[in-house]
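Let's walk through this model together, moving from the arrangement of the chains to the contacts that join them and then to the inside of one chain.

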4 protein chains.
Amino acid sequence: MSDARKPYPARRSERSRHAILEAARALIGEVGYGKVSIEAIAARAGVGKQTIYRWWPSKGAVVFESILALSQDPQSEEIALPDTGDIEADLKLVMRATAAEFADPAFEAPIRALTSEIVNDPDLAAQYHERLAGPLEEAKKARLRAAQEAGQLAADADLDLVLDVLYSPLHRRWLYRSGPLTPEYADALVDVTLRAFRP
Amino acid sequence: MSDARKPYPARRSERSRHAILEAARALIGEVGYGKVSIEAIAARAGVGKQTIYRWWPSKGAVVFESILALSQDPQSEEIALPDTGDIEADLKLVMRATAAEFADPAFEAPIRALTSEIVNDPDLAAQYHERLAGPLEEAKKARLRAAQEAGQLAADADLDLVLDVLYSPLHRRWLYRSGPLTPEYADALVDVTLRAFRP
Amino acid sequence: MSDARKPYPARRSERSRHAILEAARALIGEVGYGKVSIEAIAARAGVGKQTIYRWWPSKGAVVFESILALSQDPQSEEIALPDTGDIEADLKLVMRATAAEFADPAFEAPIRALTSEIVNDPDLAAQYHERLAGPLEEAKKARLRAAQEAGQLAADADLDLVLDVLYSPLHRRWLYRSGPLTPEYADALVDVTLRAFRP
Amino acid sequence: MSDARKPYPARRSERSRHAILEAARALIGEVGYGKVSIEAIAARAGVGKQTIYRWWPSKGAVVFESILALSQDPQSEEIALPDTGDIEADLKLVMRATAAEFADPAFEAPIRALTSEIVNDPDLAAQYHERLAGPLEEAKKARLRAAQEAGQLAADADLDLVLDVLYSPLHRRWLYRSGPLTPEYADALVDVTLRAFRP
DNA sequence: ACTTAATCGAGACGGTACGTCAAGTCTTTTG
DNA sequence: CAAAAGACTTGACGTACCGTCTCGATTAAGT
C-alpha cells in the first residue's frame, strides 16, 4: 500500500507538521531559498521525507506555508492601520514602515523566496492572495474608506487602484532593486497618490 | 572550474554560442524554466557541457542571455515611443500594448523565467537594468520630456517617479496575477498618472 | 516489537491467518517471490500489517508457511509410493513424475522462492526438513526397505545415501538449470542407483 | 543527457571497477549478502552510485562478479586435478577437500549469496556455468577420462552423469544443511560412484 | 605550410537530491 | 483486547543533473 492516496488528516501528527515548517523557515534563513532541500528539511525536523511528501505537493508549498505561518501568528486576528484622522500622516507612517521592512535583510530573504514561488505557480499566487495579501488589503481599504468619508479622498475613487498606485512602485523598486527605499521615496508616493485622488 | 582560467574569447565558437542560446530559448518554451537543465541545453545544442561552463557561470546566466538576445535583436538599435503630440493618447496606446504583451502566453514564459532569476540574483538584476530596462526607460522618459515641454506635464515632475506610477501597477498585477490586464486598466493608469503630474 | 510481547494465540483470528497465507501464495504466483511485500500481502488479505507482524517474524516465514500449507493440504496425512513389487519400475515412475513436476512453471515459482529462503536461513531449513522433506523421505525409505526385503537392493545399503544419489542430481540440475529434466535422465538416475546398491 | 544508454567501455575507470568489486566482496563478508546495499557498496568504494548502475544491471550482478573475480584470480589459467594413477584415492582427496571448503564459514557466505542469485536469475545461472562451473567440470572430466583409459571406469560411462552422482549429494547436503559434511560422507560418495560406473 | 595550443563534442566520474517504495513501529478506532 | 487502518521514522531504491575531469579531433594562430 503506497502512501500516494488521500492521507486522512485526522491522524496527522501536529508535532511533525510544526517541526517541518519550523525547519523550513530556519533553513531559508541559513542557506537561502534556492539551496533548501526537502532532505535537509526532513533531517532538521527529525521527520521522514515521506511525511513531507504526504502532506505537501512540492518544496514550494512547504516553504510557502512556513512563511505564511510566520506572518500570521503575531498579528493573529485583527489587522488595522493607524487612524489619526490625518490620512497623509497616517499613510506616510505606514509607507515608511513598509519601506524599512523591505530594507531589512532578515525580512527580505523569506519574502523573496516566497515571491519566487508565487511568480511561477498560479496556485500559490492564489493562496497568497487569499491568506496574506487579501486581508492586508482589506485593512488598508478600510482606512482609505474612512478618508473618503472625511472628504480627504475623492468619493468615487477606486480603492484598489489607489492601493496599486501607492504600493506597486515601492514593491517593484524592492523586487528589482531598481532604486533605494528611502523615507523620502515613501513620502513622495503618498503625495503623488493623494494628488491623483484628491476630491 | 578547471578549464576556465582564462577562456580566450578570440577562439570562441560562434556556432556553439548561438546554438546554446537558441537551445536554451527553445527549452524554456517547451518545458518551462524550472525544468531546463544544462545537460538538456548541451544535448539539444549538440555541444559538450564544458563548452557551456566555460563561457557562462550558471544556468541563470545562460537563460538570461538567451532571453536578452531574443529581446534585443528585433528592435536593434533605436527604441522610440510614438509622439503624436497628444501625450494621453500616446501613453494609452503604449500601455494597452504593454498589457496585451503581458497577456500573451508566448511572451509570458520567458519573462517570468527572467524575473525569477532577477529576483534572487542582484548581479543579473543590474545587468537587466543596464541592457534591457534602462534603454527602454530612457525612451519613455524622452517622450515624457517632450510632454513637459509641451506643457502637458508638470515641468518639475520627477520622470522616474512618473514612470514608476505608470508602469508598476500593471507590472505587479501581471507578476502576482492579482487582476486582469484589461485595456480599461491601462487607460485608468494613464489617467491617474496624468492627473497626479498635471502642470 | 511493541504489540508482540506475548501474542496470545487463543484469540487469534483464523479468518485472518488463512487470508494472509492465501494472499501470500497468490502474490508469489502473480509477481514472483522477490517482489512480494508485506504491505501487499496485508492489503490483499484485508488485514492490518500489525496482524502479520504479530504472528510471523519475517516475510520469509509467511511465504514459507504459505507454501507449506499449499503442499500439505492435498496429500493430507499419508504419503506412500507405489509398490508393484518391481523397484526399478516404481522408481522410474516416481522419478519421471518428479522431473515433470520440476519442469512445470506453476510448480517452479513457489519452490524456488522457498529454496531462496531456506538457503539463507538455517531455521527455515530445519522447519522445511521437519515438516516437508522429512515425511516424504520416510515414505521413500519405506519403499526402499521393501525392496531390500525383496532382495532387490543390498541389505546393508544406507538408505539416506541411496536417496541422496537418486534425487540430488535431479534436484541440482533443476536448481542450477544445468541441463534438461528429461524422462531419460530420470531413468538413468534410477539405473545408476540400482547398479550402485545392488545386492 | 541521461546516463541510461550504452556506456562506452573504453573510457571506463579501472580504478572504480576494482574498488566496487572489492567493496562488494568485503561487505558480503561483513554484513551478509541480504543486507548489502548498492549505496553501501558505492560509499565504501568511494564511487558515485551511477558508476555502479552504469556498468551493472543489478546488485546481483555486482555481487556475482565480485565473487567470480575472487575465485578466478588465484587459479588464473589452468585448473587440473591430481592424477596419481589411483582414481579412488584422487577422488577421495578432492571430495574431502570440497567438503572441507563448504564447511568453512569464510567460504560459505559468498557462495550462498551467489547461489541465492543463481536460483532466481537464469542469466546469472548461465554466466555461472560458463565462467566458473564449466571450466571446473572440464578439469574433472579430464581426470575421469584418464581413469577410463586406465580401465578404472566403464569406457561407456556418461561423464556428466558420473560427476552429477559424485557431487550433487554433497552439494545438496550443504545447501539444505541436511546433514554433516564429513570426510566419511565424501568417501562414501566416491565408493558409490565407482561401484556404479565400474567397468 | 607547419606546428602548437586552446576549444570543441563527448561522456565518465564523484556527488547531492530527487520522489517512491517498503520495512517495521506506533497510535487510534471499531467490533 | 485483537484487529483494521494507516501515519510514522528509517533507509534503500533507481534516476536526473550537477560541476569537474579526461579524452581524441578540429581549428585557428603565430611562427
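Chain B and chain C share no contact, and their closest C-alpha atoms lie 33 Å apart. Chain A and chain D are likewise without any contact, with 17 Å between their closest C-alpha atoms. Please keep in mind throughout that this is a predicted model.

## The fold of chain A

What does the secondary structure of chain A come to? The tally is nine helices and zero strands, so the pattern along the sequence reads α-α-α-α-α-α-α-α-α. Taken along the principal axes, the C-alpha atoms of chain A fill a box of roughly 65 × 35 × 25 Å.

Salt bridges are found in this structure too, with 53 of them over all chains. One of them lies within chain A, where D83(A) pairs with R143(A) and the closest N and O atoms are 3.2 Å apart. This pair ties together distant parts of the chain: D83(A) sits in the loop between α4 and α5 (87-103), while R143(A) belongs to helix α7, and the two are 60 residues apart. As a general point, side chains of opposite charge can pair when their charged atoms come close.

## Two domains in one chain

Chain A is split into domain 1, covering 9-72, and domain 2, covering 79-196. Their centres, taken over C-alpha atoms, are separated by 29 Å. Nine residues from domain 1 of chain A and nine residues from domain 2 of chain A take part in the contact between them. About 1,000 Å² is buried between the two domains, and carbon and sulfur atoms give 78% of that area. On the side of domain 1 of chain A, the trio F64(A), I67(A) and L68(A) supplies 51% of the area buried against domain 2 of chain A, more than any other three residues.

How many salt bridges are counted between domain 1 of chain A and domain 2 of chain A? The count is zero, and one residue pair is found in polar contact across this interface. Helix α4 (residues 59-75) of chain A gives the most to the side of domain 1 that touches domain 2, with seven residues. Sorted by class, that side of domain 1 of chain A has six nonpolar, three polar and no charged residues.

## Where chain A meets chain B

The contact between these two chains takes 32 residues from chain A and 32 residues from chain B. About 3,000 Å² is buried between chain A and chain B, with carbon and sulfur atoms giving 59% of the area.

Two salt bridges are counted between chain A and chain B. In a salt bridge between these chains, the side chains of D164(A) and R173(B) meet at 3.8 Å, N to O. The count of residue pairs in polar contact between chain A and chain B is twelve. On the side of chain A that touches chain B, the elements giving two or more residues are α6 (105-120), α7 (122-149), α8 (159-176) and α9 (183-196). Of these, α8(A) gives the most, with ten residues. The residues on this side of chain A divide into 16 nonpolar, seven polar and nine charged.

How values were computed: Residues are numbered from 1 along each chain as its sequence is written. Chains are lettered from A and ligands numbered from 1 in the order in which they are written. This is a predicted model: local features need pLDDT of at least 70, side-chain atom pairs count only at pLDDT 80 or more; totals for chains, interfaces and linings use all residues. Side-chain values use heavy atoms; hydrogens and water are left out. Domain bounds come from an automatic or database domain assignment. Contact means heavy atoms within 4.5 Å. Buried area is the accessible area (1.4 Å probe) that two parts lose on being put together, summed over both. A salt bridge is a side-chain nitrogen of Lys or Arg within 4 Å of a carboxyl oxygen of Asp or Glu. A polar contact is a pair of N or O atoms within 3.5 Å; within protein, one must be able to donate a hydrogen and the other to accept it, and residues adjacent in sequence count only if both atoms are side-chain atoms. Helices (H or I, at least four residues) and strands (E, at least two) are DSSP runs, numbered from the N terminus. Ala, Val, Leu, Ile, Met, Phe, Trp, Tyr, Cys and Pro count as nonpolar, Asp, Glu, Lys and Arg as charged, and the others, Gly among them, as polar.
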